[in-house]
Amino acid sequence: MADSPETEHRRLAILKHLQKSSEYTSNASILIDVVRSVAVATSEAQMRAALAWLDEQELIEMTDHGHVVIATATVRGAEVALGHATFPGVKRPTARR
C-alpha cells in the first residue's frame, strides 16, 4: 500500500527542517511544531512513526532517549530535502521559480 500524500509531506517537512538546522539536528517536539506550521496535522505517534521510517531508510539517524527523541539528517537525507535526490515515500520538494 502506498503512503498517503500527508505522510510523504510530513517526511519531507522533517528533512527540510533538519537540513536547515544547526548540526542538522532537532528534537521530535520541535519537529511536530514545524510540521504543523506547514499545515500537516501531526500527532506524537505520527512523528515517532515518521522518524522511525526515515531512520530505517537511512535518511536520518534517530536517538530515542525515552523522554526525548533526537533526529539528525544524513547526507542522503539532506540531498532529498534539497531536491538533489528523490526517495520513494518522501514528497518531492516543490520547484523554485
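Here are some friendly notes on the structure shown above, point by point.

1. Before you start, keep in mind that this is a predicted model, in which local features need pLDDT of at least 70, side-chain atom pairs count only at pLDDT 80 or more, and totals for chains, interfaces and linings use all residues. Residues are numbered from 1 along each chain as its sequence is written, and side-chain values use heavy atoms, with hydrogens and water left out.

2. Let's begin with the layout. The protein has four helices and three strands, where helices (H or I, at least four residues) and strands (E, at least two) are DSSP runs numbered from the N terminus. Read from the N terminus on, the order is α-β-α-α-β-β-α. The radius of gyration is 12 Å, close to the 13 Å from the globule rule for 97 residues, so the protein is as compact as a globular protein of that length. That radius is taken over C-alpha atoms, and the rule is 2.2 Å times the number of residues to the power 0.38. Along its principal axes, the C-alpha trace spans about 40 × 25 × 25 Å.

3. Now look inside. Of the 97 residues, 35% are buried; buried means under 20% relative accessible area, exposed over 50%, and partly exposed in between (1.4 Å probe, protein chains only). In soluble globular proteins, nonpolar side chains tend to be buried together.

4. Which residues have the most contacts inside the largest nonpolar core? They are I14, L15, M47, L51, L54, L59 and V90, in a core of 24 residues. At least two core residues come from each of α1 (5–20), α2 (28–37), α3 (44–56), β3 (69–73) and α4 (75–82). Such a core is a set of buried Ala, Val, Leu, Ile, Met, Phe, Trp, Tyr and Cys residues joined through side-chain atoms within 4.5 Å.

5. Leaving aside residues up to four places away in sequence, M47 touches I14, A28, L31, I32, V35 and T42; a contact means heavy atoms within 4.5 Å. Across the protein, 51% of the contacts between residues at least 6 apart in sequence join residues at least 24 apart.

6. Finally, check two loop residues. A39, in the loop between α2 and α3, has a positive phi near 65° although A39 is not a glycine. Is A39 buried or exposed? A39 is exposed, at 73% relative accessible area. E58, in the loop between α3 and β2 (60–64), also is not a glycine and has a positive phi of about 65°. E58 counts as exposed, with 55% relative accessibility.
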